[in-house]
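Hi there,

Here is the structure I promised to pass on to you. Have a look at it first, and then read my notes below.

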Amino acid sequence: MLVMSTESDYANARYFSGFWPLFERAGVAISANGDAALLVGPECIIFAKDVGKIQKLICEIYKKGTENFQRHADKLFV
C-alpha cells in the first residue's frame, strides 16, 4: 500500500507513521508482510527521524518529484 501526504493534506502519512510533512510531500509504503518505509524529502529527514514511528526512511524518491514514486515502489522491500 502506498499513501501520500502534503503540507496541506497530511492525514494519510500521519495516520500510518506519526509523521506529517511541513515543507514538502511525504509518503508511506507498506508491504503485504507489514514492512514499512517512510518516504520524505531532504528538508524533512531530521524531523521524520525525530517524530516518525517508522524506522526505515527513504529520502531520494522525493528529490526529483512524485513522478518517481510509483516507479520505485517495487524496489522498497527487496
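Where does K56 lie? K56 sits in the loop between helix 2 (45-51) and strand 4 (57-58). Helices (H or I, at least four residues) and strands (E, at least two) are DSSP runs, numbered from the N terminus. K56 is partly exposed, at 36% relative accessible area; buried means under 20%, exposed over 50%, and partly exposed in between, with a 1.4 Å probe and protein chains only. The C-alpha atoms of K56 and D35 are 9.0 Å apart, although 21 residues separate the two along the chain.

Before you go further, please keep in mind that this is a predicted model, where local features need pLDDT of at least 70, side-chain atom pairs count only at pLDDT 80 or more, and totals for chains, interfaces and linings use all residues. Residues are numbered from 1 along each chain as its sequence is written, and side-chain values use heavy atoms, leaving out hydrogens and water.

Now for the strands. Strand 1 runs antiparallel to strand 2, joined by four bridges; two strands count as paired if DSSP finds at least two bridges between them. In strand 2, L2 stands opposite A29, and M4 has G27 as its bridge partner. G27 also has a bridge partner in strand 3, namely L39. Strand 2 and strand 3 pair antiparallel over five bridges. Their hairpin has five residues between the strands, and there G34 takes a positive phi near 100 degrees. Four of the five residues of strand 2 are buried.

Next, the inside. The largest nonpolar core has ten residues, including V3, F19, V28, L38 and I54. Such a core is a set of buried Ala, Val, Leu, Ile, Met, Phe, Trp, Tyr and Cys residues joined through side-chain atoms within 4.5 Å. Strand 2 (26-30) and strand 3 (36-40) are the elements that give two or more residues to this core. In soluble globular proteins, nonpolar side chains tend to be buried together.

What does I54 touch, leaving aside its neighbours within four places in sequence? I54 is in contact (heavy atoms within 4.5 Å) with F16, S17, V28, A36, A37 and L38.

Finally, Y15 lies in helix 1 (residues 11-17). Y15 counts as exposed because its relative accessibility is 68%.

Enjoy exploring!
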